[in-house]
Amino acid sequence: MPTMVGAVVGVSGPPPGDAVGFGDWVRPWLGAMARLAGRLAVGADRDEVVQDALARAWRKRGQYDASRGTPAAWLLVITADQARKAVRRTRPGLVALWDGEDWERPELDARTDVEDAIAGLPSRQRLAVDCYYFAELSIAETAAVMGCPEGALKSALSDARARLRVRLEVSE
């Protein structure tokens, strides 16, 4: 079960205006930002996406509104936006070449199957899965990132799990 990322003790309210304070304010969510960037910006540099998100958050820190969501949700919305931009900037057609011997790794094959199944989900379901399961956001935070009610998110997650069960032939 995902942890409540937004419930970090001592970190709330608007982002501080000084660089050190801002760094302390974002630090609890850097891991979630990196996981989300890695999931959404396949083919792009995850750390660059996080850096771009932090730079944008710094520039827009005056627009943070605690009544609209937690600092985690605000930062992760920015991260998701920067990840989408990074994917658009990534030049298509670049392929990593393997120059080693052929080798078999069953766990890699299984992971590839799961990744392919997730990639085949509709974009809204894929974002829900990425935020909730991989970035470890709560239902409330994932709903805030997606800009939808919690009930709609729960429905999207349920639909995604059903599709993944069929694609991966998982029985309960």
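**Exercise 1.** Work out how α2 and α4 pack against each other.

*Solution.* This is a predicted model, so let's take the pair step by step.

- Step 1: start with the handedness. α2 passes α4 in a right-handed crossing.
- Step 2: get the geometry. The two axes, those of α2 and α4, come within 9 Å and cross at roughly 30°.
- Step 3: name the arrangement. Angles under 35 degrees count as roughly parallel, and α2 and α4 are therefore roughly parallel to each other.
- Step 4: find the residues that touch. On the α2 side you have Ala32, Met33, Leu36, Ala37 and Leu40, and they meet Leu75, Leu76, Thr79, Ala80, Ala83 and Val87 in α4.
- Step 5: sort them by class. The contact of α2 with α4 has ten nonpolar residues, one polar and no charged ones.

**Exercise 2.** Describe the largest pocket: which helix gives the most to its lining?

*Solution.* 

- Step 1: note the volume. The largest pocket holds about 470 Å³ of space.
- Step 2: see what lines it. There are 17 lining residues, and Arg39, Leu40, Val42, Arg126 and Asp130 lie nearest the centre.
- Step 3: trace the helices. α2 (30-40), α4 (71-89), α5 (106-119) and α6 (123-134) each supply at least two residues of this lining, and α6 gives the most, with five.
- Step 4: The lining of the largest pocket has seven nonpolar, two polar and eight charged residues.

**Exercise 3.** Which helix supplies the largest share of the lining of the second largest pocket?

*Solution.* 

- Step 1: the volume of the second largest pocket is about 310 Å³.
- Step 2: 13 residues line this pocket, and Gln63, Arg68, Ala73, Trp74 and Val77 are the closest to its centre.
- Step 3: α4 supplies the largest share of that lining, five residues.
- Step 4: by class, the lining of the second largest pocket divides into six nonpolar, two polar and five charged residues.

Conventions. Residues numbered from 1 in each chain as written. Predicted model: local features only at pLDDT ≥ 70, side-chain atom pairs only at ≥ 80, totals over all residues. Heavy atoms only, no water. 1 Å grid on protein atoms, 1.4 Å probe; cavity = no way out; pocket = protein on both sides within 12 Å on 5 of 7 lines; lining within 4 Å. Points joined across faces, edges and corners; volume = space filled by probe spheres on them. Helix = DSSP H or I, 4+ residues; strand = E, 2+ residues; numbered from the N terminus. Nonpolar A, V, L, I, M, F, W, Y, C, P; charged D, E, K, R; others polar. Axes fitted to C-alpha atoms, helices over the stretch in contact; angles between N-to-C directions. Parallel < 35°, antiparallel > 145°, perpendicular 65-115°, else oblique. Left-handed = near helix turned anticlockwise from the far one by under 90°. Contact = heavy atoms within 4.5 Å.
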